[in-house]
Structure formats: C-alpha cells, structure tokens
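Student: Could you walk me through some side-chain contacts, one question at a time?
Tutor: Gladly! Let's look at the picture together.

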Amino acid sequence: MREPAGIEAFYGDAIRELRRRRKWSVRRLAREAHISPGSLLDYEHGRTIPPPQRRRRIACALDVTPEELDRVAASLRRSLAGLGTGADRLAARVAAEMADGFEPLAARLAAAEAPAPRAAPEEKIRALAPVVADLSLQDLEELVSEFPSLHCWAFVKLVGEESARAASVDARRGLELASFALGVAGQVSGDEGWVCRVFGWAIMSNARRVGSELAEAEEALACSARLQADPPEGRPELPEPWRLLDLEASLRIELRQLPQALRLLDQAAELAPRSGPVRAHLLCIRSIALNRMGDLEGSIAALREGLAGIASETEPRLYCMLQFNLADCLTGVGKAAEAEEMLPTLRRLQAQIGNGLNQIRLRWLEGKINAGLGRLDRAIEALSRVLDAFNKEGVHYDEAQAGMDLARLYLLKGWTAEVKRLVFKMAPVFKSKKVHVEAQKALALFRRAVEMETATPELAGRVAGYLRRAEHDPELVFEEAA
C-alpha cells in the first residue's frame with residue numbers, strides 16, 4: 001500500500017540518502033538517470049519536486065523500486081517533522097552529517113535537536129565533504145550563515161580541496177568554490193584568519209591556473225606570499241605548509257618553469273607525510289613536471305612509487321590518475337603490452353568516478369595501446385570514436401591530437417583517401433581559437449602535405465608528438481625538418 005499524500009516534499013531527501021548509500025556523486029546519478037545535474041540538485045535541495053516519470057527513472061538508476069523510494073521519503077518525513085523547508089532543512093542535514101557515528105541519515109536527523117556545535121572539530125567538518133560537493137553557491141552561503149562554527153581553517157581547507165577536485169571536471173565550479181573559500185577566510189578573525197587568507201589566496205591561484213588564467217593565478221599567489229611575509233604578532237605557524245608549495249609547483253609547471261617546480265616539490269616532500277595519499281599526490285605532480293621535461297623514464301619511476309603508497313579502494317581518484325598517467329607513459333616508451341594489463345583496473349575506476357571527458361581519454365589510451373601492439377584496425381576504430389567524442393564536447397586541442405594519431409594509422413595502412421577525408425572533416429579544428437597559433441601552423445603544414453600527397457606516417461607522428469609537447473608551451477615552434 002502506498003504512503004498517503006505528503007511525502008512528495010521529501011523525495012529529494014530520499015534521493016540524496018539513496019545516492020549517498022551508493023557513494024555516487026550528483027553527476028554520476030544524473031548520468032545514470034538521464035537527467036541534468038542541475039535538475040537533480042533542485043530535487044535534492046527541495047527547490048522542485050520530481051514528477052512521477054522522473055522519480056521512476058531515478059529509482060531505477062538507484063536500483064530500487066518506486067515503492068522503496070516512497071518508504072524512504074516517508075521515513076524522512078517522520079524524522080524531519082516540524083523542521084519546515086529551506087534553511088531549516090539544510091541545517092538539520094548538516095547537523096546530522098556532523099553527528100557522531102555512521103547510522104542511517106533518518107536516525108541521525110531524528111537525534112539532531114540543534115544545529116552544529118559551537119566548536120566544530122576538524123573530523124566533523126571533514127564529514128561535510130559530500131555536502132560541500134553537492135551544494136550550490138547559494139546553499140553554501142546559507143550554510144556558513146547558519147553555522148558560524150564553519151568560519152575556520154578546517155572548513156576553508158575542505159572547500160579548497162573540493163575546489164581542486166571540481167576544477168579537474170569543471171573549471172567554472174572550481175573557481176566558484178575558490179571564491180567562496182576566500183570569502184569565508186575573510187570572516188575568520190585572529191591568527192586563524194591570517195592562516196585562512198594565506199591559503200585562500202593560494203586556493204584562488206590554483207583555480208585560476210586550472211582555468212588557464214595564468215597571469216591572474218600569479219597575482220593571487222603573490223597575495224598569498226605578501227601575507228606570509230607579514231604575519232601577525234607572535235608569528236603563528238602555518239599548518240601543512242607543503243600545501244602551499246604543492247600549489248605553487250603546479251603553477252610553475254604551467255608557466256614552464258620546470259626546474260623551479262621540481263625544487264618546490266622537493267621542499268614539499270620534506271614537510272609532507274612520508275607515505276600515503278599526500279606523498280602519492282606530490283609524486284604525481286613530479287611525474288607531470290618530468291614528463292614535460294622529456295624525462296619519461298623519470299616520470300614512470302615517480303608514478304610507480306606513488307602507486308605503491310596507496311590503494312585504489314581508499315583513494316580511487318588519485319590511484320586512477322597515477323595509473324592512467326603511468327599507462328600513457330609506458331605506451332609512449334614502447335611498453336604497450338604492460339600498459340594493456342592496467343586497462344581493467346582503469347575501466348573499473350573510471351566507471352566508479354564517472355567523469356565523461358576522462359572516459360573519452362581512456363578510450364584514446366586504449367587506441368594508442370592497440371596501435372602500439374600492431375592492432376591497427378582496432379586502434380582506428382577506437383580513435384575514430386574518440387575524435388567524434390572530442391568534437392561533440394568542443395575539446396578541440398585534444399581533437400587535433402587524436403586526429404593526428406588517427407591520420408598516422410591511416411597512412412600506415414596506405415589509406416590516403418581516408419586521410420584526405422579526415423583533414424577535410426577537421427578543417428574547423430585546425431583554425432579553432434582553442435588551438436594556439438604555432439599548433440595551427442603545424443597542422444596547416446600537414447594539411448598541405450596531404451593535399452600534395454606527400455604526407456607520411458613519420459610526418460603525422462612528428463606533428464602528433466609536437467602537439468603533445470606544445471599543449472603546455474604555445475610558443476614552441478614546429479621544426480619542419482625531420
């Protein structure tokens with residue numbers, strides 16, 4: 001028998017609870033249910049009520065029946081009775097997230113008689129990580145207004161970490177969270193406020209870097225440095241100073257100041273924990289610097305060391321990044337067979353993380369591995385799909401690189417007509433503003449060679465290699481001579 005009317009207002013809470021039990025992100029559930037993340041957030045936050053057809057679709061994605069969704073909503077209705085909507089419901093949710101123990105949400109909410117405690121210990125603030133990941137900027141502002149205890153270093157750090165994670169998928173969201181973190185930092189007083197502002201500007205620098213706003217990233221980092229040079233009376237110590245060195249090193253890599261980046265990473269490694277995810281993260285950044293210096297073997301060594309220090313179960317995102325970069329490097333040094341052995345783990349982790357662009361890049365890696373193993377037809381099939389996917393996403397620089405990989409395989413097969421069709425199809429990419437001028441020149445040279453029927457697999461390979469090097473060095477000139 002279905003529950004009586006009145007549970008509709010609690011469907012959002014029920015959907016969020018079931019999603020959290022599966023340890024899915026909002027984006028993952030939205031993709032599985034074939035709805036937009038924005039619509040799902042509106043449902044979860046109670047701004048709108050999902051219509052019956054969408055409820056069935058969401059329930060199916062969560063592997064529950066519509067009746068089970070009703071029962072969870074009814075349970076939450078009883079637990080949240082009298083709390084109303086909006087800020088009161090949000091306050092109850094946060095209070096529950098910060099409560100001790102890991103009992104189901106309904107039980108935690110039933111026991112939550114007041115908002116968060118005045119002094120929120122760091123471990124309780126860390127429990128808010130999924131909340132921060134899900135909430136809109138407006139909801140986050142309501143959150144810190146409702147809970148003054150979140151005006152602290154631990155919360156600024158948490159938002160900064162989420163900013164860095166989100167920026168890898170959505171640069172706009174990363175910048176939004178960085179701005180919010182800096183705003184919270186400005187509301188913290190005393191020595192802790194100084195700490196928050198030092199890190200707040202560094203968080204902003206990182207978000208600007210990911211958005212390719214390198215001049216603005218340098219300015220934000222300079223603000224952090226000026227604050228560090230002028231500490232308050234008593235000269236309080238900065239907690240986890242390796243974080244500042246890590247963020248600066250990432251910026252130096254983008255600015256092609258690679259030796260300086262490696263020195264900063266050496267300093268960070270001296271201050272950071274000697275093992276675990278922090279060490280693995282620093283090794284991942286080191287591998288990127290070494291790769292861009294052309295030291296693939298050094299990059300491989302750093303990646304192997306990083307993987308040895310963490311487990312995929314506890315650090316799926318970091319483990320996936322290390323594993324992917326290692327497989328890519330191994331393919332680049334002619335060890336495609338070893339890279340192929342890593343694909344099952346990568347597929348599992350990518351399915352768990354649910355990042356659309358990374359799924360495309362994994363398929364691209366699979367194509368390169370097949371090419372390295374001489375399975376050209378399978379490689380061509382994979383790269384053709386990758387090319388179409390990058391085109392649909394509007395990621396034109398990656399589309400250009402994948403296109404040159406595909407052109408090389410066509411030339412190896414002797415399919416000159418296919419190469420001409422490919423070059424014609426990619427003409428808008430060759431002129432895209434997202435492909436810098438020097439790269440456009442290299443692509444134009446290849447196009448002319450195709451038109452004159454003088455293009456070779458070697459030329460396509462050299463252009464593809466140049467595009468990989470020039471992605472982070474737009475002033476690098478393509479050398480026409482072999």
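Student: Does phenylalanine 180 count as buried or exposed?
Tutor: First, a word on the source: this is a predicted model, where local features need pLDDT of at least 70, side-chain atom pairs count only at pLDDT 80 or more, and totals for chains, interfaces and linings use all residues. Residues are numbered from 1 along each chain as its sequence is written, and side-chain values use heavy atoms, leaving out hydrogens and water. Buried means under 20% relative accessible area, exposed over 50%, and partly exposed in between (1.4 Å probe, protein chains only). Phenylalanine 180 has 6% relative accessibility, so the word is buried.

Student: How many aromatic pairs are there?
Tutor: Rings of Phe, Tyr and Trp (its six-membered ring) pair if their centres lie within 6.5 Å; planes under 30 degrees apart are stacked, over 60 edge-to-face, and the rest tilted. By this rule, the count is five.

Student: What kind of pair do phenylalanine 155 and phenylalanine 180 make?
Tutor: Their ring centres are 6.3 Å apart. Their planes stand at 85°, so the pair is edge-to-face.

Student: Which helix holds phenylalanine 155, and which holds phenylalanine 180?
Tutor: Helices are DSSP runs (H or I, at least four residues), numbered from the N terminus. The two residues are 25 apart and link distant parts of the chain. Phenylalanine 155 is in helix H11 (residues 153–167), and phenylalanine 180 is in helix H12 (residues 171–185).

Student: Which charged residue sits over the ring of tryptophan 364?
Tutor: A charge sits over a ring if NZ of Lys or CZ of Arg is within 6 Å of the ring centre and within 35 degrees of the ring normal. Here the charged end is 4.8 Å from the centre of the tryptophan 364 ring, and the residue is lysine 368.

Student: How many salt bridges does a search of the whole structure find?
Tutor: A salt bridge is a side-chain nitrogen of Lys or Arg within 4 Å of a carboxyl oxygen of Asp or Glu. With that rule, the search gives 30.

Student: What is the N to O distance between aspartate 266 and arginine 286?
Tutor: Aspartate 266 lies in helix H16 (residues 258–271) and arginine 286 in helix H17 (residues 277–292). Their side chains meet in a salt bridge, with an N to O distance of 2.3 Å.

Student: Is glutamate 451 buried or exposed?
Tutor: Glutamate 451 forms a salt bridge with arginine 447, and both lie in helix H27 (residues 437–451). The relative accessibility of glutamate 451 is 56%, so the answer is exposed.
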